[in-house]
Structures are given as C-alpha cells and as structure tokens.
Amino acid sequence: MAHTKSALKRIRQDKKRNLRNQSVKSTVRTATRSFRETLEEGDAAKTQTSLRTAIKTVGKAASKGVLRKQTASRRISRLAKAAHKSLAAAK
C-alpha cells in the first residue's frame, strides 16, 4: 500500500478515471451492438440512425482519450463499410 500523500492521491484519481473509462467503453460497445442488430434487421432508416449514433459515441470516446484516435477511426470505418455493404446489397 502507498504511504505518501501523492501516491494515495494518485490511487484515488486512477479509481475515478477507471470508472469513467469503463462507462465510456460500455457505451461504445452498446452503440456498436445496437448498430449491428439494426443492420441484421435490414431497415435502411434505422441502420442510418444507429450508424450515426455509433459513430458519435466512438468519436466522443476518442476525444476523451478512452480510445486512441486511430482505433476510433478504424472502428468507424468498419461500421460505415458494413452499413454501405448492407445497403448496397438491399438495392
């Protein structure tokens, strides 16, 4: 266990940040999962709206530093690619 004041403060800060990061990651996973579910349903309008929300949540996570910028970009690209492929196949 830490003994110095600064080390104890660092532990408190880490706990707080860890909880916040877990929350943001959970939100990203939920948004991605809901997008994948609407993608399987085949409704184009729902797919577009869920894609927008998923992209927004991933972008926010990257801006907060929970995800790396490149990781967020890759995930957004894959989501958009899946949506485009699904919508093109539906036509």
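A search of the whole structure finds 1 salt bridge, the term being used for a side-chain nitrogen of Lys or Arg within 4 Å of a carboxyl oxygen of Asp or Glu. The model is predicted, so local features need pLDDT of at least 70 and side-chain atom pairs count only at pLDDT 80 or more, while totals for chains, interfaces and linings use all residues. Residues are numbered from 1 along each chain as its sequence is written, and side-chain values use heavy atoms, with hydrogens and water left out.

The salt bridge joins Glu-41 and Lys-46, whose closest N and O atoms are 3.8 Å apart. Glu-41 is exposed, at 53% relative accessibility, whereas Lys-46 is partly exposed, at 43%. Here buried means under 20% relative accessible area, exposed over 50%, and partly exposed in between (1.4 Å probe, protein chains only).

Helix 1 covers residues 5-41; helices (H or I, at least four residues) are DSSP runs numbered from the N terminus. Leu-8 lies in helix 1 and is partly exposed, with a relative accessible area of 32%. Arg-36 is also placed in helix 1 and is partly exposed, at 37%. The C-alpha atoms of Arg-36 and Ser-73 are separated by 17 Å, with the two residues 37 apart along the chain.

The axes of helix 1 and helix 3 (residues 69-90) come within 11 Å and cross at roughly 10°. Helix 1 is therefore roughly parallel to helix 3, a label for angles under 35 degrees. Axes are lines fitted to C-alpha atoms, for helices over the stretch in contact, and angles run from 0 to 180 degrees between N-to-C directions.

How values were computed. Helices (H or I, at least four residues) and strands (E, at least two) are DSSP runs, numbered from the N terminus. Angles under 35 degrees count as roughly parallel, over 145 as roughly antiparallel, 65 to 115 as roughly perpendicular and the rest as oblique.
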